[in-house]
Amino acid sequence: MFKKIGVVGFGVMGTQIAQFFAQQNLEVVAVDVSEKTLKEGMEVIKSGRFGLQRLVERGKMKEDEMNAVLGRIATSTDYSVLADCDLVIEAVFENADLKLKVLKEIDAIAGDAVIGSNTSSISITKLSSAVTNPGKFLGIHFFNPVQVQKLVELVKGLLSDEKLVVEIKEWFIGLGKVPIVVNDSPGFATSRLGLLLGKEAMMMLQEGVATPQDIDIGMMLGYGYSMGPIETGDLVGLDTRLRIYEAMFDATKDPKWAPPKLLVQLVDAGYLGDPAVKPGSKGGVYEFYGQERATQVLRRLGLRK
Ligand SMILES: NC(=O)c1ccc[n+]([C@@H]2O[C@H](COP(=O)([O-])OP(=O)(O)OC[C@H]3O[C@@H](n4cnc5c(N)ncnc54)[C@H](O)[C@@H]3O)[C@@H](O)[C@H]2O)c1
């Protein structure tokens, strides 16, 4: 259906999305604001925690395949490279004003393309006001790590073309993903629930109820989560989490979405999340508390692969 994919924003999600599509034999062009970010992003794709090098080391990919995947990803700071894309995915910071500005720029260059936003929470109908053809705009919400997670949440804005959403759903199934389709509403289906759990876990840390490791192991072994809420926050990025709470609060004015104080303080102090996925971060909650991640503990005990 789509042959050339544009990815705008080459951070945690943009790099994973680019890697996923390139591994599916599709051509990808990625845009970000600085050459430094683009270079770091390519490094994460090659050698990061979910990168190609690890697949080579585990015998799941040959070295020449890795080079071919890397060769399918071009990067630029110039939006004009998006001109001949048939699908463009926006993955910049979770901020409505920034996304509206970026979407206008994408629309001006790749107006015929289908445009999807990877927003975690912001109204798709609101974002669609930035593009000429809102029928060809929808939420395409990937899950971290995109290379591993099967889920993709397709979000229909008020004006998204129903037939197109069905076609895109089928296309993703062909790429091995399991799409769910939801209607536009703050936080959609997944973030709305995940954020509440994440917030309560942070409040428990603030109150000294338990350590990050014990909270996460409790939810993993007690409730069958593959990763606990604190470790998930570290993986998402604490700065990104904070922006998502702020966007949810802006959209709903509901105090339940006010960001927890500890999260704000950690971000202010430079703790932006797991350094293995977030270049330049001092660490996540686990590094701040000096603990081994719960998934590692369970792996050591032979309870996780
Ligand atoms: N981190 C996650 O686990 C996760 C999961 C699902 C969805 N999301 C969503 O994906 C989006 C991106 O999140 P992230 O975690 O990758 O954030 P990030 O901070 O890692 O990356 C955002 C990138 O956008 C770039 N950017 C900012 N302004 C730009 C512009 N004008 N043009 C081009 N690039 C620009 C930044 O330089 C940065 O590299 C957000 O909407 C977030 O809510 C995140």
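Predicted model: local features only at pLDDT ≥ 70, side-chain atom pairs only at ≥ 80, totals over all residues.
Author: A residue is called buried if 20 or more other C-beta atoms lie within 10 Å of its own.

Reader: Which strands pair with E4, and in what sense?

Author: Strand E1 (residues 4-8) pairs with E4 over 4 bridges in the parallel sense. Strand E5 (residues 114-117) also runs parallel to E4, joined to it by 4 bridges. Leu 87 illustrates the arrangement: Ile 5 has it as bridge partner, and its partner in E5 is Val 114.

Reader: How is a helix such as H8 to be read, and which of its residues are buried?

Author: An α-helix has 3.6 residues a turn, so residues three or four places apart point the same way. Helix H8 (residues 190-207) contains 18 residues and spans 26 Å from its first C-alpha to its last, close to the 26 Å expected at 1.5 Å a residue. Its buried residues include Ser 191, Leu 195, Gly 198, Met 202 and Leu 205. The buried residues of H8 pack against helices H9 (212-223), H10 (229-236), H11 (238-252) and H12 (261-268). Just after H8, Gly 208 adopts a positive phi of about 75°.

Reader: What does the domain assignment give for the protein chain, and how many residues are in contact across the domains?

Author: The assignment gives domain 1 (4-183) and domain 2 (190-294). Their centres, taken over C-alpha atoms, are separated by 24 Å. Contacts involve 15 residues of domain 1 and 15 residues of domain 2. On the side of domain 1 that touches domain 2, the residues divide into 5 nonpolar, 6 polar and 4 charged.

Reader: Where does the ligand lie relative to the domains, and which residues come nearest?

Author: The ligand lies between domain 1 and domain 2, because both give residues to the shell around it. Of the 27 residues around the ligand, Gly 9, Gly 11, Met 13, Ser 120 and Asn 144 come nearest. Helix H1 (12-23), helix H5 (96-109), strand E6 (137-142) and H11 each supply at least two residues of the shell; the largest share, 3 residues, comes from H1. The shell comprises 14 nonpolar, 11 polar and 2 charged residues.

Methods:
Residues numbered from 1 in each chain as written. Expected span 1.5 Å × (residues − 1). Buried ≥ 20, exposed ≤ 12 C-beta atoms within 10 Å, placed from the backbone. Contact = placed C-beta atoms within 7 Å. Near = placed C-beta within 6 Å. Nonpolar A, V, L, I, M, F, W, Y, C, P; charged D, E, K, R; others polar. Domains from an automatic or database assignment. Pairing = 2+ DSSP bridges.
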